[in-house]
Amino acid sequence: MAVFTGAGVAIVTPFKENREVDYEKFAQLIEDQIAGGTDAIIVCGTTGESSTLTHEEHLDVIKYCVEKVAGRIPVVAGTGSNCTETAVYLSTEAEKFGVNGLLLVSPYYNKATQNGLYQHYKTIADSVKIPCILYNVPSRTGCNIAPETVVRLCKDVENIVGVKEASDNISQIVRLMSLADGKVDLYSGNDNQIVPLLALGAKGVISVLSNVAPRQTHDICAKFFEGDVAGSCQEQLRAIPLCNALFCEVNPIPVKKALNLMGKGAGTLRMPLTEMEEENAVRLEKAMKDYGIL
């Protein structure tokens, strides 16, 4: 059974002006997502600025999220690392907090061979009992998980259940699903490709867009699953200008700006991320107004 189906939000981590985690604002963001129909919360992923959280902060944010959600929807924790031992540590600790699954980014910077990726992921998954979702985002990591490796892991390791695909390579994703034999739970990692991946059998999306449009992102998936493919496609296409604006600078710079424009208090960013360029901020604000969320 899939960890979740539908739209899971890759939730931001709000910071105060002094760049400490703002747990009061985080609690409100969680409540807003649940009220908006989000199907799952993915905490401490790329959008959550996990790369600049200390290990202690990383685990505190995960624990806090689990406690606030209180079982109402699934919580998936980003616990990947380019160091296998670190990923094992974060994963085993997150499991203790009661997360429903783990999201494991491919090793960045040091990369790995496909065999290295297999051993890396198997080692992490063997250290826990909860489901693990691989995360393929080669534009950030410089490391691509080949379809054959994804399928091999999902078939060989009982609790590796699927992959978040953010490679932008539709042909690769088609190959993956042609090899999957029903063993791979696919999630879109790109908001502009939700419907195309649902058409290939995806279970849903792990979404940046959901931070600012939870109901609409949920509806893209829900309409598709209900058989209203035309309605789903219409919602997808309507969201494209906003999706483009949310990625006109590196994520999560635009989505934090968007939340702040909405009065949600996402706060500042941690360096090396910096505030959005004014020209792009104007573009984002227009896209939000055109979409009807501002």
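**View 1. Residues around the largest cavity of the predicted model.** The largest cavity is lined by Ile253, Lys256, Lys257, Asn260, Gly267, Leu269, Glu275 and Met276. By class, this lining of the largest cavity has three nonpolar, two polar and three charged residues. The space in the largest cavity comes to about 40 Å³. The model is a predicted one, and two cavities of 30 Å³ or more are found in the structure.

**View 2. Residues around the second largest cavity.** Ala10, Ile42, Gly45, Thr46, Thr47, Leu103, Tyr135, Lys164 and Ile206 line the second largest cavity. Five of these lining residues are nonpolar, three are polar and one is charged. The second largest cavity holds about 40 Å³ of space.

**View 3. The largest pocket and the elements that line it.** The volume of the largest pocket is about 630 Å³. Its lining is made of 28 residues, and those closest to the pocket centre are Thr46, Ser50, Ser51, Val105 and Tyr108. Helix 2, helix 3 (84–97), strand 4 (101–105) and helix 5 (138–141) are the elements that give two or more residues to this lining. The lining of the largest pocket divides into 11 nonpolar, 14 polar and three charged residues. Thr46 also belongs to the lining of the second largest cavity.

**View 4. The second largest pocket.** The second largest pocket contains about 400 Å³ of space. Of its 23 lining residues, Ala166, Gly189, Asn190, Phe247 and Asn251 lie nearest the centre. Two or more residues each come from helix 5, strand 8 (204–207) and helix 10 (229–246). The lining of the second largest pocket counts nine nonpolar, nine polar and five charged residues. Helix 5 also gives two or more residues to the lining of the largest pocket.

View 5. Eight strands form a closed barrel in the order 1-2-3-4-5-6-7-8, and their pairing is parallel. On average, neighbouring strands of this sheet are turned by 25 degrees against each other, direction ignored. Helix 2 (residues 55–69) packs on the sheet and touches strand 2 (40–43) and strand 3 (75–78). The direction of helix 2 makes about 175 degrees with that of strand 3. Strands of a sheet pair through backbone hydrogen bonds, in either the parallel or the antiparallel sense.

**View 6. Strands 6 and 7 with helix 7.** Strand 6 (residues 160–165) pairs with strand 7 (residues 185–188) over four bridges, in the parallel sense. Glycine 162 has aspartate 185, in strand 7, as its bridge partner. Helix 7 (residues 170–179) lies across strand 5 (132–136), strand 6 and strand 7. Helix 7 runs at about 165 degrees to strand 6.

**View 7. The whole chain, for orientation.** The secondary structure of the protein chain consists of 12 helices and eight strands. Along the principal axes, the C-alpha atoms of the chain fill a box of roughly 45 × 45 × 35 Å. The chain has 294 residues, for which a compact globule would have a radius of gyration near 19 Å; the chain has 18 Å, so the value agrees with that of a compact globule.

Definitions and conventions: Residues numbered from 1 in each chain as written. Predicted model: local features only at pLDDT ≥ 70, side-chain atom pairs only at ≥ 80, totals over all residues. Heavy atoms only, no water. Pairing = 2+ DSSP bridges. Axes fitted to C-alpha atoms, helices over the stretch in contact; angles between N-to-C directions. Contact = heavy atoms within 4.5 Å. 1 Å grid on protein atoms, 1.4 Å probe; cavity = no way out; pocket = protein on both sides within 12 Å on 5 of 7 lines; lining within 4 Å. Points joined across faces, edges and corners; volume = space filled by probe spheres on them. Nonpolar A, V, L, I, M, F, W, Y, C, P; charged D, E, K, R; others polar. Rg over C-alpha atoms; globule rule 2.2 N^0.38 Å.
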